[in-house]
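Open the model in your viewer and keep the selection tool at hand. We will go from stop to stop, picking residues and looking at what surrounds them.

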Amino acid sequence: MVEPLLKVVDLACARGGLTVLEGVSFEVASGSALVLRGPNGSGKTTLLRTLAELQPAVSGEIFAPEDTVAYAGHADGLKGTLSVGENLTFWGSLFGFGDIAPALDAFELRDLVARPAQSLSAGQKRRLGLARLLVTGRPVWLLDEPTVSLDVAAVGLFGRAVERHLAGGGIAVIATHIDLGIDADVLDLSGFRASAPQGGAFDEAFA
Ligand SMILES: Nc1ncnc2c1ncn2[C@@H]1O[C@H](COP(=O)(O)OP(=O)(O)OP(=O)(O)O)[C@@H](O)[C@H]1O
């Protein structure tokens, strides 16, 4: 049996000081993807940020080998004055992964390689932001609404990049409302609403 690379046990997560999710448990094995679903405000971003260790868990445990996670959130995190190629080279050097050619090819960025990131369209910026995943060399991708701004062709490029990542033994956890055309388990976070949210403002997702 393949050992799971990412395992979550009885996790509770908070946002803005309020517990949003509790009792979340799952495993994602090498070569597998998990799609997170749930209405706006149900905690998809909160869970991904917690998995990425951008914020602490309220309780519960996350098991993942050290330095295996790459997170792509709502912001593309690009350096606007650097070119497409320089952005990828910069990220590759940070993660010790030198070759940017597969990332350029996967997201059809070759024609844009010399363009400053700040001059790209929203969809082109998103393609570059996703291409950064490939230069991290990291096996666990945590992706928050990765297809925002992408056209149909670019969604296809992204889906194929994920498939290749999984075929190479990687893992992907993806919050998305669209069908990416990849084979994935689905976790609906509606079932993990924290039982006693504090305060009156915390109910928009569950009303
Ligand atoms: N910075 C913040 N401060 C306080 N509360 C926040 C903050 N960001 C999000 N929240 C609240 O935390 C809860 C979970 O939000 P989260 O962004 O995780 O949901 P989501 O499922 O990703 O939503 P969406 O589908 O709209 O992206 C919501 O009630 C939201 O209003």
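**Stop 1**

Select V173 and leave aside its neighbours within four places in sequence: V173 is in contact with V28, L34, L36, L48, L51 and L142. Contact here means that two C-beta atoms, placed from the backbone, lie within 7 Å.

Before going on, two notes on the ground rules. Residues are numbered from 1 along each chain as its sequence is written. The model is a predicted one: local features need pLDDT of at least 70, side-chain atom pairs count only at pLDDT 80 or more, and totals for chains, interfaces and linings use all residues.

Now widen the view from V173. The largest nonpolar core has 57 residues, and V140, L142 and V173 are those with the most contacts inside it. Such a core is a set of buried Ala, Val, Leu, Ile, Met, Phe, Trp, Tyr and Cys residues joined through C-beta atoms within 7 Å. A residue is buried if 20 or more other C-beta atoms lie within 10 Å of its own, exposed if 12 or fewer, and partly exposed in between, with C-beta atoms placed from the backbone.

**Stop 2: the two domains**

Colour domain 1 (1-68 + 141-207) and domain 2 (74-138) separately; domain bounds come from an automatic or database domain assignment.

The C-alpha centres of domain 1 and domain 2 lie 23 Å apart. Across the boundary, 13 residues of domain 1 are in contact with 12 residues of domain 2. On the side of domain 1 that touches domain 2, the elements giving two or more residues are β6 and α5, and α5 gives the most, with 4 residues. Helices (H or I, at least four residues) and strands (E, at least two) are DSSP runs, numbered from the N terminus.

By class, that side of domain 1 has 8 nonpolar, 2 polar and 3 charged residues. Ala, Val, Leu, Ile, Met, Phe, Trp, Tyr, Cys and Pro count as nonpolar, Asp, Glu, Lys and Arg as charged, and the others, Gly among them, as polar.

**Stop 3: helix α5**

Select residues 152-167, which make up helix α5. Its 16 residues reach 23 Å from the first C-alpha to the last, close to the 22 Å expected at 1.5 Å a residue; the expected span is 1.5 Å times one less than the number of residues.

Which residues of α5 are buried? They are F158, A161, V162 and H165. These cover an arc of only 100° around the axis, which puts them on the same side of α5; the arc is that of the directions from the helix axis to the C-beta atoms. An α-helix has 3.6 residues a turn, so residues three or four places apart point the same way.

Turn to the other side of α5 and you will find V152, A153 and A167 exposed. Go back to the buried residues of α5 and show their partners: they pack against β3 (33-37), α3 (101-106), α4 (122-136), β6 (140-144) and β7 (171-175). Just after α5, stop at G169, which takes a positive phi of about 95°.

**Stop 4**

Next, select residues 44-51 for helix α1, which is mostly covered, with 6 of its 8 residues buried. Those are K44, T46, L47, L48, T50 and L51. Just after α1, E53 has a positive phi of about 60°.

Move on to helix α2 (residues 84-95), whose buried residues are V84, N87, L88 and W91. Seen down the axis of α2, they fall within an arc of 95°, so they line one face of the helix. Among what covers them are α3 and α4.

**Stop 5: two loops**

Finish with the loop between β4 (59-63) and β5 (69-72), where D67 lies. D67 is not a glycine, although its phi is positive, about 55°. D67 is exposed, with 11 other C-beta atoms within 10 Å. T68 is found in this loop between β4 and β5 too, and touches R138, P139 and V140, not counting residues up to four places away in sequence.
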